[in-house]
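User: I would like to go through this model with you. Could we begin with the nonpolar core?
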Amino acid sequence: MPGDLTEHFSRNEFASRWEQRGGTVIVTPVPDELLPNVKRLAQNLEVVRAEWGKPLIPGSAYRPPDHNADVGGVENSQHVFAKAADFIIPGVSKDDIYCTIRRLMASGKMDDGGLGWYGPNGHIHYDWDPKRAPWKGKSVTAFPTCPEEDDDMALAEDLAQLRRDHNTLLKFVAESVTQLRNGQAIQNTFIKALLDKADDDPSDPVDQLADLQRQIDENDARLDAIAEAAKG
Ligand SMILES: [Zn+2]
């Protein structure tokens, strides 16, 4: 079933679910005025989701201020604006999700915002505003290593260079074609001028040859006549 925000996400998935002492859960829907924010969040999460084509489960997204104050933490502020989600993708390692989001943000496929790392058994935090360095949870000792990052950056640079070369080559081919066309036009004009000249110029070499041949024939006839006269 398609979502009411994006293809796979619905507004109610991002609602606040605040568990009280005693187990009661207070559910607060994303307020209307924050709908543009949560929609943009869902659009970004669609990009993450598309990497594996598996369901992405937002565990905690929107939090009203009192809910947010209860759970605490600086990074949580974006949750108040419905710009953030803490999530998992069942069957995908957190390292993989973390490194993938870094790549997607670096390449501009996702809004470059906040990325929180809470360890291999924790959740991933993503928010689309503002841009800042990734952080890790207090109980986590180190970030995942994303060994492909350097390769990706190099690949992106190679691609950019290739695109520049391609454009240069296209420009060169276009200029060459123009020059060839111009050259062909000049050649055509020249050939046409030669043909026109040959048609009506009596000094045409073919005409001159024909004249010469006629003179030779006439001389032959005269010589023949002289030879006949000499016999008689
Ligand atoms: Zn969070």
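User: Which residues touch the most other members of the largest nonpolar core?
Analyst: Of its 27 residues, these are Phe 14, Val 38, Leu 41, Leu 45, Ala 82, Ala 85 and Ile 101. Such a core is a set of buried Ala, Val, Leu, Ile, Met, Phe, Trp, Tyr and Cys residues joined through C-beta atoms within 7 Å. Buried means that 20 or more other C-beta atoms lie within 10 Å of the residue's own, with C-beta atoms placed from the backbone. This is a predicted model: local features need pLDDT of at least 70, side-chain atom pairs count only at pLDDT 80 or more, and totals for chains, interfaces and linings use all residues. Residues are numbered from 1 along each chain as its sequence is written.

User: Which element supplies the largest share of this core?
Analyst: H1 does, with five residues. Helices here are DSSP runs of H or I with at least four residues, and strands are E runs of at least two, numbered from the N terminus.

User: Turning to H4, which of its residues are buried?
Analyst: They are Ile 97, Tyr 98, Thr 100, Ile 101, Arg 102 and Met 105. Just after H4, Gly 108 takes a positive phi of about 80°.

User: And the sheet, what is its strand order?
Analyst: The order is E3-E4-E6-E5-E7, in an open sheet of five strands with mixed pairing; strands pair if DSSP finds at least two bridges between them. E3 (57-60) and E7 (135-136) stand at the edges with a single partner strand each, so one side of each has no neighbour in the sheet.

User: How many bridges join E4 to E6?
Analyst: Four, and the two strands run antiparallel. Asp 86 stands opposite His 125 in E6.

How values were computed:
A residue is buried if 20 or more other C-beta atoms lie within 10 Å of its own, exposed if 12 or fewer, and partly exposed in between; C-beta atoms are placed from the backbone.
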